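Good morning, and thank you for coming. Please look at the sequence and the structure first, and I shall then take you through some of the contacts.

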Amino acid sequence: MGINCTGKIVIARYGKIFRGNKVKNAILAGARGIILYSDPADYCAPGVNAYPDGWNLPGGGAQRGNVLNLNGAGDPLTPGYPAKEYTFRYKVNEGVGIPKIPVHPIGYHDAEVLLRAMGGPAAPDSSWKGSLNVSYNIGPGFADNSSTRKVRMHVHTNNKITRIYNIIGILRGAVEPDRYIILGGHRDSWVFGGIDPTTGAAVLQEIVRSFGKMKMEGWRPKRTIIFASWDAEEFGLLGSTEWAEENARVLQERAVAYINTDSSIEGNYTLRVDCTPLLYKLVYNLTKEILSPDEGYENKSLYESWLEKDPATENNSYPRINKLGSGSDFEAYFQRLGIASGRVRYTKNRKADKFSNYPVYHTVYETFELVEKFYDPTFKKQLTIAQLRGKLVYELADSQVIPFDCRDYGEALKGYSNRIYKLAKKHEEQLKHYKVSFDPLFSAVVNFSKAAAEFHRRLEQVDKKDPVAVRIMNDQLMFIERAFIDPLGLPGRKFYRHVIFAPSSHNKYAGESFPGIYDAMFDIESKADQHEAWEEVRRQISIAAFTVQAAAETLKEVA
């Protein structure tokens, strides 16, 4: 649009993408400061009252949240290493991802005052317009009587090193104590944290209580279960990342899976699952064993209500499962260490509800009363999530054979490689000119699918009475996710090391498949040196092809 933001304060609507990405975009555009506001178009559902009479965001509500661009670094002063007393720390101005400009959130009542006075051209199209009674001019500067007005930002930030506390509980496995299943979620919150994280922290406590009761009755899981209550998640996933850094060597060798237990509800319409393809079958099977808490689905399974309300786009005979992005504590375990991970929660109606997240997210209005009165009055949705998270942990810890299915990974890789190729085909001439071929990747994906099918054929025939034979197969299952890790990491994001999945570079909350190739092709037509840009695409294809092929090799019969 050709607007020069250099030296200006910009105002941006919350929603669609992670707030830290908005701040990064403002910095790259040369802005001196950024004001973030919640527009009713994104934070008010039609026909619903503002809190406390309903669950919409009142005009004075401001969404808190970190605006760091950490890219998986954890504590910004100790990237890559645990922030212990003895650890070397960078100076604050050298810290990772700390914004260099002031950032401040406001509510829509205050935003309306600023937006009403804005000058400049009208919004280019309706997607730029929210639902305030203003024209949504885009500036720069103010118009008419307000033309001499200026905005000053005074942001007082407390930068200090402070101690945080993770709470870890261990239930030792009876058969394979050196194999770990981790159930982790945070307990710190912005203000009251009525939904985030308390609906998840309560689930963690209940699962711990249930497992504790079984232990008192003489039961022990085959594998060790680690229960973790993380601190400082809201400051950038700090508690979970620092613990992962401190224990990385042990976790790489012994961790089977990580199940996240952040908020158990963000809506009350249907189930939402984000996980590694290894867990698809287990999730589908377990949801068939749990009763649906949804109205009108009495005596039907959770799987049935989920399938009916949110079928997968590519195959509507299964419910939809999302790719893991970031925004919660599984990040270090999945994206950095390659530990199979998953998260489940209740969510809004993706198709009908156009508001972003739940309206009072991260505000002072996110209270226990909000949950009790509007979101889950019977607490059945939270109970359902507790049952599903608990069952996931139980099955992963107590099944003789780890309940992963590599064939689903093969199918997923096929879909992801076709999708990235389709994206590349928009540049058909350049693909020919720069000799860019996806054939090595397609070939590796076919090899992986064959190796996965052959592996599961052998798995069905394994002698279950031979503990060494079972252990060999289980180790291959455990290490398959690890096989997708590139020790060098993604370009410019060395702590995101998973070659198949990463948080999107443009929205930390969303997951991207084959992120190295995707990022190399993003906006490629605007790159000054086209030869260099397409060489990077070729390099990323070769890294992906090698990684998938190497993962396939790990599934072959042990020599």
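I begin with a charge and a ring: Lys 288 lies over the face of Tyr 303, at 4.6 Å from the ring centre. A charge is said to sit over a ring if NZ of Lys or CZ of Arg is within 6 Å of the ring centre and within 35 degrees of the ring normal.

Before I go on, a word on the source. This is a predicted model, in which local features need pLDDT of at least 70 and side-chain atom pairs count only at pLDDT 80 or more, while totals for chains, interfaces and linings use all residues. Residues are numbered from 1 along each chain as its sequence is written, and side-chain values use heavy atoms, with hydrogens and water left out.

Let us now consider the whole chain. How many helices and strands does the protein chain have? Its secondary structure comes to 17 helices and 11 strands; these are DSSP runs numbered from the N terminus, with at least four residues of H or I for a helix and at least two of E for a strand. The radius of gyration is 24 Å, close to the 24 Å that the globule rule gives for 559 residues, so the chain is as compact as a globular protein of that length. That radius is taken over C-alpha atoms, and the globule rule is 2.2 Å times the number of residues to the power 0.38. Along the principal axes, the C-alpha atoms fill a box of roughly 85 × 60 × 55 Å. Of the 559 residues, 54% count as buried, where buried means under 20% relative accessible area, exposed means over 50%, and partly exposed lies in between (1.4 Å probe, protein chains only).

I turn next to the aromatic rings. A pair of aromatic rings is described by the distance of the centres and the angle of the planes. Rings of Phe, Tyr and Trp (its six-membered ring) pair if their centres lie within 6.5 Å; planes under 30 degrees apart count as stacked, over 60 as edge-to-face and the rest as tilted. By this rule there are 30 aromatic pairs. One of them joins Tyr 409 and Phe 448, which are edge-to-face, with 6.3 Å from centre to centre and 70° between the planes. Tyr 409 belongs to helix H12 (residues 406–424) and Phe 448 to helix H14 (residues 439–461), so this pair ties together parts that are 39 residues apart in sequence. Both residues are buried.

For Tyr 434 and Trp 534, the ring centres are 6.4 Å apart and the planes are at 10°, so this pair is stacked. Tyr 434 is in the loop between helix H13 (428–433) and H14, and Trp 534 is in helix H17 (residues 530–554), so distant parts of the chain, 100 residues apart, are linked. Tyr 434 and Trp 534 are buried as well. A salt bridge is a side-chain nitrogen of Lys or Arg within 4 Å of a carboxyl oxygen of Asp or Glu, and the count here comes to 31. In one of them, Asp 274 meets Arg 272, with the closest N and O atoms 3.0 Å apart. Is Asp 274 buried or exposed? Asp 274 is buried, at a relative accessible area of 3%, whereas Arg 272 counts as partly exposed at 24%.

Lys 391 and Glu 289 form another salt bridge, their closest N and O atoms being 2.8 Å apart. Lys 391 lies in helix H11 (residues 380–398) and Glu 289 in the loop between helix H7 (280–287) and helix H8 (302–309), so the pair ties together parts that are 102 residues apart in sequence. Here Lys 391 is partly exposed, with a relative accessible area of 26%, and Glu 289 is exposed, with 51%.

Finally, Glu 176, Asp 178, Arg 179, Arg 223, Arg 471 and Asp 475 are linked in a network of salt bridges. Thank you for your attention.
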